[in-house]
Amino acid sequence: MAEPRWLDEREMRAWSGFLAASALVNRRLDQQLKDDAGLSHPQYEILVRLAAAPGRELRMTELANGLINSKSGLTYQVTQMEKAGLVRRRSCPSDVRGVFAVLTDAGRAKLEEAAPGHVATVREVLVDVLTPAQLDALADGLGEVGRRLREQGA
């Protein structure tokens with residue numbers, strides 16, 4: 001078995017920074033959405049994706065893949081949102097196993113209510129903290145990581 005390629009000081013600094021920043025940013029966004037709109041961060045992302053989809057609906061499998069969420073985790077979130085009247089489910093007419101999540105008018109209104117505070121918090125904790133060059137490097141680097149992992153089916 002080959003010797004592990006241990007992280008050097010620079011690599012460890014990048015890894016530790018990524019772990020801490022991602023956890024803290026996600027915690028802050030989740031708290032802001034909970035306080036301001038009564039939504040979790042995953043629920044907000046579901047509303048965003050449905051609002052951007054043709055007909056304001058997506059197959060549950062497509063939604064789970066786009067969110068990088070398990071199907072069971074998505075099912076739980078959609079169930080909670082359905083109880084709140086933010087989404088509804090409908091069967092796929094061409095595939096009895098297929099189910100669509102559909103954004104309701106109440107869900108669209110909730111998204112419009114939540115979006116300004118969410119964007120302000122994203123700016124406060126990430127975008128406005130970085131220089132344009134740092135923001136480009138972050139977008140390029142993490143974009144590449146995401147692209148490779150999606151290609152690998154992770």
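User: Hi! What counts as a helix or a strand here?

Analyst: Helices (H or I, at least four residues) and strands (E, at least two) are DSSP runs, and they are numbered from the N terminus. This is a predicted model, where local features need pLDDT of at least 70 and side-chain atom pairs count only at pLDDT 80 or more, while totals for chains, interfaces and linings use all residues. Residues are numbered from 1 along each chain as its sequence is written, and side-chain values use heavy atoms, with hydrogens and water left out.

User: Which residues of helix 1 are buried?

Analyst: Val25, Leu29, Gln32, Leu33 and Ala37. Buried means under 20% relative accessible area, exposed means over 50%, and partly exposed is in between (1.4 Å probe, protein chains only).

User: And what do those buried residues pack against?

Analyst: They pack against helix 2 (41–52) and helix 5 (105–125).

User: What comes after helix 1?

Analyst: Gly38 follows, and its phi is positive, near 70 degrees.

User: Which residue other than glycine has a positive phi, then?

Analyst: One is Arg56, with phi near 55 degrees. Most residues other than glycine have a negative phi. You'll find Arg56 in the loop between helix 2 and strand 1 (57–59). Because its relative accessible area is 27%, Arg56 is partly exposed.

User: New topic! How many aromatic pairs does the structure hold?

Analyst: It holds 1. Trp15 and Phe18 are stacked, at 5.8 Å centre to centre with 25 degrees between the planes. Rings of Phe, Tyr and Trp (its six-membered ring) pair if their centres lie within 6.5 Å; planes under 30 degrees apart are stacked, over 60 edge-to-face, and the rest tilted.

User: Where do Trp15 and Phe18 lie?

Analyst: Both are in helix 1, 3 residues apart, which is about one turn of the helix. Trp15 is partly exposed at 44% relative accessible area, and Phe18 is partly exposed at 37%.

User: Last one: what does Val99 touch?

Analyst: Val99, in strand 3 (residues 95–103), touches Leu58, Arg59, Met60, Arg89 and Arg90, leaving out residues up to four places away in sequence. Contact here means heavy atoms within 4.5 Å. Val99 counts as partly exposed because its relative accessibility is 31%.
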